[in-house]
Every structure is written in C-alpha cells, then in structure tokens.
Amino acid sequence: METLDDFRIVDLYFERNELAIFYTSEKYGSRLRRLSHNIVRDMQIAEECENDTYIKAWNSMPPHSPKEYLYVFLARITRHLSLNCCRNRGRLKRDAFVCELSAELEQCIPAPDDFQCRIDDSEFAEALNTFLTSLNAEKRQMFLRRYFYMDSIEDISKRFECSDSKVKTTLFRCRIKLREFLEKEGYTL
C-alpha cells in the first residue's frame with residue numbers, strides 16, 4: 001500500500017475510517033515503539049503503549065486536528081503513556097535512566113508541586129519553546145533527543161557523529177542556559 005501524507009491520515013481519523021490507524025502504524029509505528037522502549041525498556045510494553053497511542057489518537061481526533069504535526073502529536077501521547085506505565089508499575093523511582101534524566105533537569109525546571117507553576121503551565125510551555133528556539137539546531141535537537149525522546153548519550157553521539165563528551169558538555173551548557181533563562185523569566189527554581 002502507498003504511504004499517505006499526514007493531512008490525509010488525519011482526514012481518515014475525522015472520517016472514522018479504521019485505515020487511519022493502519023496508515024499511522026505503517027508510517028510512524030517503529031518510531032513510536034522506539035520512543036516508548038527508550039522509556040519503559042521492555043519491548044512488549046512498548047508495543048502496548050504504541051497500540052494505546054492509536055486508541056488515544058482515535059479518541060482525540062476530532063476535536064484535535066494535528067495535520068501539520070501528526071508525529072509530534074503521537075509522540076507526546078506515546079511518551080505520556082510510557083511514563084504512566086512506569087509509574088503504574090512502580091519502576092519510575094527504580095529506573096536509573098529515568099531518574100538520571102530527572103536529576104539532570106530538576107535544577108532547571110520549577111518543581112511540579114508549585115501551585116503557581118501548575119496554573120501557568122501554558123506560559124511555562126511557551127517560555128520553554130522560546131528557549132528552545134534560541135538554541136542552534138544541533139543543540140536543540142540534542143536537548144530534545146535527550147529529554148523528550150530519552151535517547152542515551154551514546155545514541156545522541158552516534159546520531160550527531162560526535163564524541164560522548166561533546167554531547168555531555170552541550171547538554172550541561174544547555175541546562176545552565178535553561179536555568180538562567182527561566183530565572184530571568186521569573187520562575188523560581
């Protein structure tokens with residue numbers, strides 16, 4: 001079968017045509033599975049999260065119409081499902097990799113228990129997007145690969161054809177810049 005563009009796939013969701021899930025799986029399944037596997041570290045659970053992503057996408061369209069950002073829409077769902085799976089299984093605290101990533105960012109991002117922070121989530125997201133757009137493309141991609149897609153340092157260094165130390169240094173400097181940027185924006189860390 002032919003590969004459909006995202007606009008047509010979203011149209012199929014709106015038409016409630018089950019081929020939408022088939023084409024979504026064909027186009028993005030392996031990437032969504034890999035994202036989930038980076039988080040849960042179990043291929044069977046990653047496949048379950050991938051399948052749950054299709055159900056959530058089906059139930060979310062309409063009203064959402066992510067024609068211009070379908071993969072990002074799906075990746076966000078997959079990421080949340082995968083993290084919830086870790087939490088539900090009690091692995092989040094024991095999973096050294098997820099804890100490592102949390103520790104790296106906890107000094108840059110306001111605490112989630114801060115009531116004002118929860119109220120201003122959309123403002124915080126906008127500030128984070130502003131910060132990310134201030135980075136050059138390579139630094140932004142490294143930052144997203146590490147903290148959104150949860151890629152390992154080794155995977156990032158292979159992707160960007162550079163040393164592990166360069167990736168670590170770049171991420172460290174980005175975290176410092178993020179902290180400074182958020183403090184300048186008035187966020188208490």
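**View 1. Confidence across the predicted chain.** In this predicted model, pLDDT averages 83 over the chain, and 80% of the residues score at least 70. Residues 111-119 form a stretch in which pLDDT stays under 50, and for this stretch the model has 4 contacts beyond four places in sequence. Where pLDDT is low, the predicted coordinates should not be read in detail.

View 2. The chain holds 10 helices and 0 strands, so that, read from the N terminus on, its elements run α-α-α-α-α-α-α-α-α-α. Of the 189 residues in the chain, 42% are buried. Among the contacts in the chain with a separation of 6 or more, 63% are accounted for by residues 24 or more positions apart.

**View 3. The pairing of helices α3 and α4.** Two packed helices are described by the angle between their axes and the distance between the axes. Helix α3 spans residues 43-60 and helix α4 spans residues 70-88, and their axes come within 9 Å and cross at roughly 130 degrees. That angle makes α3 oblique to α4, and the crossing in which α3 passes α4 is right-handed. On the α3 side, the residues that meet α4 are Ile-45, Cys-49, Asp-52, Thr-53, Lys-56, Ala-57 and Ser-60, while α4 contributes Phe-73, Leu-74, Ile-77, Thr-78, Leu-81, Ser-82 and Cys-85.

View 4. Arg-41 is found in the loop that links α2 (19-40) to α3. With a relative accessibility of 39%, Arg-41 counts as partly exposed, because that value lies between the cut-offs of 20% for buried and 50% for exposed. The side chain of Arg-41 reaches the backbone oxygen of Asn-38 at 3.5 Å. Cys-86 is 45 residues from Arg-41 in sequence, yet the C-alpha atoms of Arg-41 and Cys-86 are 9.6 Å apart in space.

View 5. Asp-151 is found in the loop that runs from α8 (137-147) to α9 (153-159). Asp-151 has a relative accessibility of 6% and therefore counts as buried, the cut-off for this class being under 20%. A polar contact of 2.7 Å joins the side chain of Asp-151 to that of Arg-145. Although Asp-151 and Ile-39 are 112 residues apart along the chain, their C-alpha atoms are separated by 8.8 Å.

Conventions:
Residues are numbered from 1 along each chain as its sequence is written. Side-chain values use heavy atoms; hydrogens and water are left out. Helices (H or I, at least four residues) and strands (E, at least two) are DSSP runs, numbered from the N terminus. Buried means under 20% relative accessible area, exposed over 50%, partly exposed in between (1.4 Å probe, protein chains only). A polar contact is a pair of N or O atoms within 3.5 Å; within protein, one must be able to donate a hydrogen and the other to accept it, and residues adjacent in sequence count only if both atoms are side-chain atoms. pLDDT is the predictor's confidence in each residue, from 0 to 100. Contact means heavy atoms within 4.5 Å. Axes are lines fitted to C-alpha atoms, for helices over the stretch in contact, and angles run from 0 to 180 degrees between N-to-C directions. Angles under 35 degrees count as roughly parallel, over 145 as roughly antiparallel, 65 to 115 as roughly perpendicular and the rest as oblique. A crossing is left-handed if the near helix is turned anticlockwise from the far one by less than a right angle, and right-handed if clockwise.
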